[in-house]
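Visitor: I am new to this structure. Please take me through one part of it closely, strand by strand.

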Amino acid sequence: MRSETAKDADTQGATAAQRWLEQDRRYVWHHMQPYAASRDPMIVVHGEGATITDIHGNRYIDAMSGLWCVNLGYSERELAEAAYRQLAEMPYYPLTQSHLPAIRLAEKLNAWLGGEYKIFFSNSGSEANETAFKLARQYHAQRGEPGRWKVISRYRAYHGNSGAALAATGQAQRKYKYEPLAPGFVHVPPPYCYRCPFGQAYGSCHLECASVYEQVMEWEGPETIAAVIMEPVITGGGVIVPPPEYMRQVREICDRYGVLLIVDEVICGFGRSGERFGHHNFGVEPDIVTMAKGITSGYLPLSATAVRASLFEAFKDDAPYAHFRHVNTFGGNPAACALAVRTLEIMEERRLVERARELGRALSAALVPLAAHPNVGDVRSFGFLAGIELVADKETRSPAPAAFVNQVLAGCKRRGVIIGKNGDTVPNHNNVLTISPPFVVSREELDQIVQAVTEAVHEAAEGAG
Ligand code: PLP
């Protein structure tokens, strides 16, 4: 069934579409878009399964799940109904007290995490990370180490748009004109084998990308380090997949130095990695896990900061300032929590984590031939995520120019497929195509995605040649 908005847009035709566009240009400020691009947005009016339809009636396979989040696809009525039922029953109460959907979800998240965690709810990934940083600092302070306040994160990683989350982000160009940001965030190079920052090759290296944490902790003063934050796989920064032993080694260094490990599962969580959480692939137990996006399949805003129960011991004290003095008006909204519970139930009932893993294998296999193309330097995949690094020259690995990358994106769109590119716009390094489809995508649609990308790369290369 089409939505009312879709029907209105259809029945009113091209003139109505033009009017909406004019209103949009006048009133809506688009996220991240340069001015020219912001003048011509795709106005999406309908979603079904893995597809979206724009105001002109054009239908696309959304191979990016919106912003890496609509894992259950665009037409899961049960999610809408779960939210509706909760809104009708009890639409709001703050988590200074409690409500049933939050309790149910916290219990479910514990089952999904496979450990015992205390859950703090917010609305967005950025807030979940902000919460984690404050918690980590207060934890150390309450255990007699108030000097531990610095956080180590990686170049190319994205952790959010707000003061500290952006400071933790290792993408300098996102910070221009907004600095100075929160102090105390130190970056290390990413585990980026294709362009190893240490000039090594995996197999003959000593995992310098992991041991560098120890070096940096020594240089900064171990008594000043509160936490390390990392995604299991750097996603938006270019689908940078670490060596299998990397995360365990970093965990071990954190343990030796008394540093907390915060794992940002905002994208990797809830099946995207082929496991329930990304860190489950690496046999590592984090101290804090942050999550958002897929928790509600993008249908409503919700995020969570899960803190290992043993850490909560440091907060069981009624001395002044000993509790976590942090409140979030909308964090853990009952309808969002009810919708999240239903999201996780549906994933269990329909075995969608397993499906994501299988589809990821199929996607990875289908992309193999593309790796031979002269403008494809590297194809990386992990779970149901893929990154295709485009180069101008395969030998020198010089990145493909932005115009080439944009041509490929446009070529995909002309073929009815929306894909993405890495979010870090370091000049000349915005060259990784990203694919992260809904878990409900059909095998035929997956074939169409691969075919569109393959044809678009060939087309752009022929045009450039
Ligand atoms: N962490 C990661 C890994 C992300 O990809 C994002 C957003 O893309 C965030 C945090 C921030 O999430 P939000 O946009 O919900 O604040």
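This is a predicted model: local features need pLDDT of at least 70, side-chain atom pairs count only at pLDDT 80 or more; totals for chains, interfaces and linings use all residues.

**A close look at strand E16**

Guide: Start with strand E12, residues 385–393, which is joined to strand E16 by four bridges. The two run antiparallel.

The model scores ipTM 1.00 and pTM 0.97.

Now look at E16 itself, residues 432–435. In a regular strand, side chains alternate between the two faces of the sheet. In E16, Val432 and Thr434 point one way. Leu433 and Ile435 point the other way. All four are buried.

E16 has another partner, strand E15, residues 420–421. Two bridges join E15 and E16, again in the antiparallel sense. Here glycine 420 stands opposite threonine 434 in E16.

For a second example of pairing, turn to strand E4, residues 117–122. Five of its six residues are buried, so E4 is largely enclosed by the rest of the structure. Six bridges join E4 to strand E10, residues 303–308, and these strands run antiparallel. Phenylalanine 121 stands opposite alanine 304 in E10.

Notes: Residues are numbered from 1 along each chain as its sequence is written. A residue is buried if 20 or more other C-beta atoms lie within 10 Å of its own, exposed if 12 or fewer, and partly exposed in between; C-beta atoms are placed from the backbone. Two strands pair if DSSP finds at least two bridges between them.
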